[in-house]
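Trainee: I'm new to this one and would like to talk it through. Could you show me what we have?

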Amino acid sequence: MVWSLQTAPALSDQEFDQWNKLLEERTGVQVLPQQRAFLQTQIGMRMRELGLESYNHYYEQVVGGLQGIVEWSILVDRLVVKETSFFRHRASIDYVRRLLQSRIDNKSLDDSFEVWSVGCSTGEEPYSLAMVVNDCFELAGLDPYYGITATDISQPALQYARQGIYNERKIEPLALDERARYTQTLGDGRFQISDKLRDRICFSHGNVLNIAQMPMAKMDVIYCQNLLVYFRRWRRREILNEMITRLKPGGVLVIGLGEIVDWDPSGMTRVTDDGIQAYIRS
Ligand SMILES: C[S@@+](CC[C@H](N)C(=O)[O-])C[C@H]1O[C@@H](n2cnc3c(N)ncnc32)[C@H](O)[C@@H]1O
């Protein structure tokens with residue numbers, strides 16, 4: 001039978017461990033034993049595209065030389081979960097809105113307002129953040145500098161995000177006035193995020209395992225949800241400890257509810273709001 005018509009060969013225990021180890025070393029993401037079929041299907045599909053039949057042979061290609069770097073950037077996009085949506089966790093985004101609004105009301109804003117969306121996937125999260133930030137400034141009649149930095153490990157996801165084009169189903173979570181103010185119809189059932197928001201967002205490649213090498217600094221908000229859940233607990237702690245060094249005094253870290261427990265870093269105070277998990281830097 002022709003290889004392209006066959007299903008992927010079964011991953012042996014040793015092969016599963018080898019691929020899982022590579023993925024975790026390079027991204028932090030852990031594939032659980034019950035997700036073995038997912039790993040097998042994704043790697044198998046890529047092998048089929050390349051006409052390869054042996055997991056070992058493909059592994060050698062992925063870890064070897066310059067070609068390996070290119071191949072890894074294709075494969076990693078297939079192995080990470082990129083599920084996301086606009087206003088995925090409204091309570092957390094509304095918290096960012098209230099935070100900024102209170103700074104505007106108290107006249108305690110700096111010259112700029114900087115937000116970092118970590119693990120931004122296809123862009124719905126940073127665009128949602130840009131909408132609430134823009135709302136606050138527009139309502140207050142202010143036009144200060146604000147910017148959103150959005151990073152992810154997947155290059156294809158970032159490319160998609162930069163275009164800011166979504167179909168009707170994707171933009172369903174937007175309220176009608178949000179749609180009217182922040183999207184324009186392309187006339188073919190798709191909508192593009194308005195230029196005024198797209199111009200505010202810088203999408204760039206970034207691996208959270210390398211935060212120490214990232215230039216981000218002096219953030220007002222670091223927003224990181226549904227990424228650390230795929231990591232071991234000790235690694236979540238390490239990453240969060242590094243992230244909070246990038247906050248301004250008074251800056252806020254917002255993570256997904258329950259994504260870390262027993263984490264009490266010095267200089268950070270947990271926000272007392274039941275529906276969210278956020279920390280303010282003193
Ligand atoms: C499930 S999505 C979450 C998207 C968005 N934050 C949300 O909550 O809707 C997880 C994202 O994390 C990214 N990711 C996984 N490992 C990463 C790493 N080591 N560094 C940066 N991004 C990573 C994936 O590419 C994916 O886009």
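This is a predicted model: local features need pLDDT of at least 70, side-chain atom pairs count only at pLDDT 80 or more; totals for chains, interfaces and linings use all residues.

Trainee: How are the rings of Y127 and Y166 arranged as an aromatic pair?

Mentor: The ring centres of Y127 and Y166 are 6.2 Å apart, and the planes make 80 degrees. Planes over 60 degrees apart count as edge-to-face, so the pair of Y127 and Y166 is edge-to-face.

Trainee: How many residues apart are Y127 and Y166?

Mentor: Y127 belongs to helix α6, while Y166 belongs to strand β3 (residues 165–167). The pair therefore links distant parts of the chain, with a separation of 39 residues.

Trainee: How many disulfides does the structure hold?

Mentor: Two cysteine sulfur atoms must lie within 2.5 Å to count. For C224, the nearest cysteine sulfur is that of C120, 11 Å away, so C224 is in no disulfide. Over the structure, the count of disulfides is zero.

Trainee: Is C224 buried or exposed?

Mentor: The cut-off for buried is under 20% relative accessible area. C224 has 0%, so C224 is buried.

Trainee: Which residue lies over the face of W72?

Mentor: Here a charge sits over a ring, 4.9 Å from the ring centre of W72. The residue over that face is R26.

Methods:
Residues are numbered from 1 along each chain as its sequence is written. Side-chain values use heavy atoms; hydrogens and water are left out. Buried means under 20% relative accessible area, exposed over 50%, partly exposed in between (1.4 Å probe, protein chains only). Rings of Phe, Tyr and Trp (its six-membered ring) pair if their centres lie within 6.5 Å; planes under 30 degrees apart count as stacked, over 60 as edge-to-face and the rest as tilted. Helices (H or I, at least four residues) and strands (E, at least two) are DSSP runs, numbered from the N terminus. A charge sits over a ring if NZ of Lys or CZ of Arg is within 6 Å of the ring centre and within 35 degrees of the ring normal.
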